[in-house]
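Visitor: Hi! Could you walk me through this one before I set anything up?
Guide: Happy to, here it is.

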Amino acid sequence: MDFYASMAPYYDLLFPKDDEAIDFLSVRMGQGGKPIARLLDVGCGTGTVLASLQGRYASAAGLDLDPELLALAAEKLACKRYGVQGSSPVRYRSDSIELALADMRDLVSLYPKTEFSAILCLGNT
């Protein structure tokens, strides 16, 4: 069993939300007086940062290498799985959020024509 898979149920306890970082990001992301257009959270884990910053972005994408963590993020962010079962990468989506089971080195192939207003890579990624 993979390390992150074994600790997925405890991830948020082991890596709690950093309120100071969220406050800092909230202020910076709100400086234009409206939500930023598109946010990318690399290594999104269980989706805590994306959930904490909801309302500060119009749309967002999150990616992580661990399927169990990504499934927890999808649940937290009310995203539904889409695409062909067994297809790569595994993806989840809501009205404003897309999550992908992917390596950060694959950004160009995942989002070939997408521009992001902000890219975050927080925590232990």
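This is a predicted model: local features need pLDDT of at least 70, side-chain atom pairs count only at pLDDT 80 or more; totals for chains, interfaces and linings use all residues.

Visitor: What radius of gyration does the protein have, against that of a compact globule?
Guide: The protein has 14 Å, and a compact globule with 125 residues would be near 14 Å, so the value agrees. Along the principal axes, the C-alpha atoms fill a box of roughly 45 × 35 × 25 Å.

Visitor: What share of the residues counts as buried?
Guide: That comes to 41% of the 125 residues. As for contacts, take those between residues at least 6 apart in sequence: 57% of them join residues at least 24 apart.

Visitor: Let's zoom in on a helix. Which residues of α3 are buried?
Guide: Helix α3 covers residues 19-29, and its buried residues are Ile22, Leu25, Ser26 and Met29. Seen down the axis of α3, they fall within an arc of 105°, so they line one face of the helix.

Visitor: Got it. What do the buried residues of α3 pack against?
Guide: They pack against β1 (36-42), α4 (48-52), β2 and β6 (118-120).

Visitor: Which residue caps the N-terminal end of α3?
Guide: Asp18 does, with a side-chain oxygen 3.1 Å from the backbone nitrogen of Glu20.

Visitor: Switching to charges: how many salt bridges are there?
Guide: The count comes to five salt bridges. One of them pairs Lys76 with Asp12, with the closest N and O atoms 2.8 Å apart. That pair links distant parts of the chain, since Lys76 sits in helix α5 and Asp12 in helix α2 (residues 11-14), 64 residues apart.

Visitor: Is Lys76 buried, partly exposed or exposed, and what about Asp12?
Guide: Lys76 counts as partly exposed at 37% relative accessibility, and Asp12 counts as partly exposed at 35%.

Visitor: What about Lys17, which partner does it bridge to?
Guide: Lys17 forms a salt bridge with Asp19, where the closest N and O atoms are 3.6 Å apart. Lys17 is partly exposed, at 43% relative accessible area, and Asp19 is partly exposed at 46%.

Visitor: And Glu98, what does it pair with?
Guide: Glu98 forms a salt bridge with Arg93, the closest N and O atoms being 3.8 Å apart. Salt bridges that share partners join Arg91, Arg93 and Glu98 into one network. In that group, Glu98 counts as buried at 11% relative accessibility, whereas Arg93 is partly exposed at 41%.

Key. Residues are numbered from 1 along each chain as its sequence is written. Side-chain values use heavy atoms; hydrogens and water are left out. Buried means under 20% relative accessible area, exposed over 50%, partly exposed in between (1.4 Å probe, protein chains only). Helices (H or I, at least four residues) and strands (E, at least two) are DSSP runs, numbered from the N terminus. The arc is that of the directions from the helix axis to the C-beta atoms. Contact means heavy atoms within 4.5 Å. A polar contact is a pair of N or O atoms within 3.5 Å; within protein, one must be able to donate a hydrogen and the other to accept it, and residues adjacent in sequence count only if both atoms are side-chain atoms. A salt bridge is a side-chain nitrogen of Lys or Arg within 4 Å of a carboxyl oxygen of Asp or Glu. The radius of gyration is taken over C-alpha atoms; the globule rule is 2.2 Å times the number of residues to the power 0.38.
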